[in-house]
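Dear colleague,

Please find below the structure for your review, together with its sequence. My findings follow directly after it.

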Amino acid sequence: MPPSADALRSSVSRAAERETPDLVLELARVTEFAALAAGRWVGLGDERSGTTAAVAAARTLLGSIPLRGTIASDEGDGPFRVGEQVGDGTGPARDVALAPLDGAVLAAQGMPDALAVIAATEDGGMFRASPITDLEMLVVGPGASDVVDIDRPVAENVRAVAAAGHRPISEVSVSVLGRGRHQEIVREVRGTGARVRLLRGGEIAGALAASHPESDSDMLVGVGGAHGAVLAAAALACVGGSMQARLRPRDAGARRRALDAGHDVDAVLHTRDLVGGEDILFSATGITGSDDVPGLQYRADRATTHSVAMRSSTGTVLVVEGHHQIDRLHDVLGA
């Protein structure tokens with residue numbers, strides 16, 4: 001039986017909501033300006049001022065976007081809190097998470113992997129974990145999604161990734177979040193003959209690298225923040241990589257709060273458990289840059305930004321290079 005007129009109108013309405021306006025490019029504007037604001041503080045040793053500038057720019061740009069957004073994930077002590085409304089109050093309803101300056105310490109020190117990041121899912125599509133809950137993570141690219149298992153020892157997963165790529169283990173590179181508690185993971189990976197890439201940054205840059213076919217990273221492992229993991233999962237949902245994760249509450253109190261919130265702390269979470277729906281959006285702009293997103297570049301009269309903007313519903317990945325006149329930036333950013 002053919003669909004009713006009401007069903008057809010509803011289908012057309014949903015498609016129009018996804019495509020008009022082109023929200024993913026609007027989100028890229030947010031990360032561009034957050035990166036430009038933070039960029040004025042790169043290398044000056046002042047992470048607080050860099051973060052404050054990035055947050056102010058992101059908030060200003062978000063207020064101009066046709067969006068009925070709700071913050072669904074936060075860092076606990078950050079300026080954007082779960083439940084906060086963002087956008088201009090028009091357009092589609094979305095769950096939103098953002099890190100206007102992911103890697104504040106790195107940016108302050110002038111080191112790589114600092115990014116401005118934002119993600120959005122359909123309303124209700126974003127996993128809500130306590131900001132004081134960490135996640136144990138295993139991330140791989142599309143070619144190895146079906147051969148790894150977070151319940152296996154790291155060494156077994158390294159061998160599985162090598163076999164899936166028809167390569168010797170010596171050619172496999174594993175990114176490990178640079179935390180002191182990961183020393184045993186590092187020893188286990190090196191024990192297989194694979195290479196270790198210790199990340200100075202966090203989950204987002206690491207996940208982008210592990211999912212990129214031309215990156216020198218094949219896998220990301222370690223325990224990191226739930227907020228960063230949700231943002232990383234949004235990118236993976238767009239490009240076809242995969243994440244397996246498990247809640248790792250930091251203490252007994254965090255475990256109790258996770259249980260009270262209805263979470264199964266022993267369950268394995270997959271990419272689409274963290275970000276659901278048909279239309280997932282992600283944008284990242286390099287500040288000091290990463291393997292996949294170059295950082296800010298300055299000339300006498302302009303600044304250049306490099307962003308990657310993704311949309312799961314169309315499988316689109318846009319690489320956006322923006323050129324911004326310095327004198328006009330001073331007016332917009334207030335400096």
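Helix α5, residues 154-164 of this predicted model, has the following buried residues: Val154, Ala155, Asn157, Val158, Ala160, Val161 and Ala162. These buried residues pack against two helical and strand neighbours of the fold, among them α6 (183-191) and β5 (133-140); β6 (173-177) and β8 also receive them. After α5 comes His166, which has a positive phi, near 55°.

Strand β8 (219-225) also belongs to the elements around the largest pocket, where it supplies at least two residues of the lining. Strand β3 contributes five lining residues, the largest share. Sorted by class, the lining comprises twelve nonpolar, ten polar and eleven charged residues.

A further point concerns the loop between β2 (85-86) and β3, where Pro92 is found. Pro92 counts as buried because its relative accessibility is 3%, and the cut-off for buried is under 20%. In sequence, Pro92 and Asp123 are 31 residues apart, while their C-alpha atoms are 8.6 Å apart in space.

I would be grateful for your comments on the helix, the pocket and the loop.

With kind regards

Technical notes. Residues numbered from 1 in each chain as written. Predicted model: local features only at pLDDT ≥ 70, side-chain atom pairs only at ≥ 80, totals over all residues. Heavy atoms only, no water. Helix = DSSP H or I, 4+ residues; strand = E, 2+ residues; numbered from the N terminus. Nonpolar A, V, L, I, M, F, W, Y, C, P; charged D, E, K, R; others polar. Buried < 20%, exposed > 50% of the residue type's maximum accessible area, 1.4 Å probe, protein only. Contact = heavy atoms within 4.5 Å.
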